[in-house]
Amino acid sequence: MRSATFPILFITATRIGDAVLSSGLLRRLHEEVPGARFTIVAGPAAAPLFEDVPGLERIISFEKSRDGGHWIRLWNEVARRRWGLVVDLRGSAISSFLRRRRRAVYRRSPGPPVHKVIEAGRVLGLQDDPPAPHIFVGETAARQAAALVAGQGPILALGPAANWVGKTWPLERFARVAIQLLGPGGPLAGGRLLVAGSAQDAHVLPTLRAVLPRERFIDLVGRVDLVTLHAALGSARLFIGNDSGLMHLAAAAGAPTLGLFGPSDEQLYAPWGERGRVLRGARTLDQIRTLDPNLSQAICHMMDLSVDSVVAAARRLVSETA
C-alpha cells in the first residue's frame, strides 16, 4: 500500500549564509513529518545547497526582479497545488493566498535581535530548541569530497573572500596566518591548505598557492558544487574565514570554525555550534558604524584585526577541539 505524502513548500533565503542558518528546519521536518515531500524555493546562489534533501520533489530558483514580478512567477509555479504546510522564511504574503493546511511565516519579533538560527527556529515555534544548521549530503557528493581531501596531514581551510570589501580581511594576512599554523612549530605543522570559494574568488589563489608546495594545496575555488564543498570542509581540522556563507558551511559541517568579524554583527551571525568562535579587532560594530553608518562604503573595516591575534585564537581553538 502506497504511503501518504505530505507536500511542504519551503521558501528560504537568497544568500547562502542565511539559507545555511535556517537549513536545520528542513532536517527537523524530514525527521518529524511522515511522508514529507519538499518543494524548496531559494535564491540562485543558495538553491544548490538543497540538491540532496531527502524527499525533495523540486527546487525553484527564485531571483528577485525590480518590478516585483518574481512573486507573480512564483505564484504561477506553486498556486495549483494544495500544500500540507507552507514555511515562508521571507515573511511574504504569498502563503496567505495559497491553498494549504498549515502555514508558518517569519515575523519580526519584538525585543533585541537574536541569532539567525534562533530566529529561524521561531518560525516553527522552536526558539527554545532551535535546529542546528544541517546540509544533507548524498553518496555521490560524499565520495567526491572524500577524494578531494584524501591525503596525509591535517587540513587548514580558509575562506578569504566575502561579498563586500568592508568585511574582507586582507589576503596577505590570511597567507601569513597559514604559514604560521602549518609551518614548523605550528599546531597544524606539516598539514595541508584548503582554499574555498566561488569562481568569482579566483583572484585569491596566486597569493595562497605560494604558501605551501603544490602537493599540500587543495584548490576548491569554483571547482565543486556547494554540497560537495560542504562535505569537504567537514574534514578540516580548522576553518578560518570572513563572515560569509562559507563560514556557515564550515560550521554546519562540524569543522572548528574561527569567524573574522568587523562590520557585521556576531550576535546574529556567529558560526553556530560549540566549535565556532568569533574574533574581531579593537573596534566594536557600533564604532565601525560611526565611520560608515550604512555599512556600504568601499573601504576595508578589518584592518584593526592583526595576524598575531588570529594566530593566537586559532591555536586556542585547535587546542580546545583536540
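What we have here is a predicted model, so local features need pLDDT of at least 70 and side-chain atom pairs count only at pLDDT 80 or more, while totals for chains, interfaces and linings use all residues. Residues are numbered from 1 along each chain as its sequence is written, and side-chain values use heavy atoms, with hydrogens and water left out.

Searching the whole structure turns up two aromatic pairs. The rings are those of Phe, Tyr and Trp (its six-membered ring), with centres within 6.5 Å; planes under 30 degrees apart are stacked, over 60 edge-to-face, and the rest tilted. Phe62 and Trp71 sit 4.9 Å apart, centre to centre, with planes at 55°, so that pair is tilted. Phe62 itself is buried, at 3% relative accessibility. The other pair, Trp169 with Phe174, is edge-to-face, at 5.1 Å between centres and 80° between planes. Trp169 is buried at 1%, and Phe174 is buried at 1% as well.

Next up, helix H13. Helices here are DSSP runs of H or I with at least four residues, strands are E runs of at least two, and both are numbered from the N terminus. H13 covers residues 307-320, which is 14 residues, and spans 20 Å from first C-alpha to last, close to the 20 Å expected at 1.5 Å a residue. (That expectation is 1.5 Å times one less than the number of residues.) Its buried residues are Val307, Val310, Val311, Ala313, Ala314, Leu317 and Val318. Looking down the axis of H13, these fall within an arc of 165°, so they line one face of the helix; the arc uses directions from the helix axis to the C-beta atoms. On the face turned away we find exposed Asp308 and Ser319. And what does the buried side of H13 pack against? Helix H7 and strands E9, E10 and E11, with contact meaning heavy atoms within 4.5 Å.

Last bit: the cores. A nonpolar core is a set of buried Ala, Val, Leu, Ile, Met, Phe, Trp, Tyr and Cys residues joined through side-chain atoms within 4.5 Å. The largest has 56 residues, with Leu49, Leu194, Leu233 and Leu249 making the most contacts inside it. Helix H9 (residues 226-233) supplies the largest share, six residues. A second, separate core has 34 residues, including Leu171 and Leu260.

Methods: Buried < 20%, exposed > 50% of the residue type's maximum accessible area, 1.4 Å probe, protein only.
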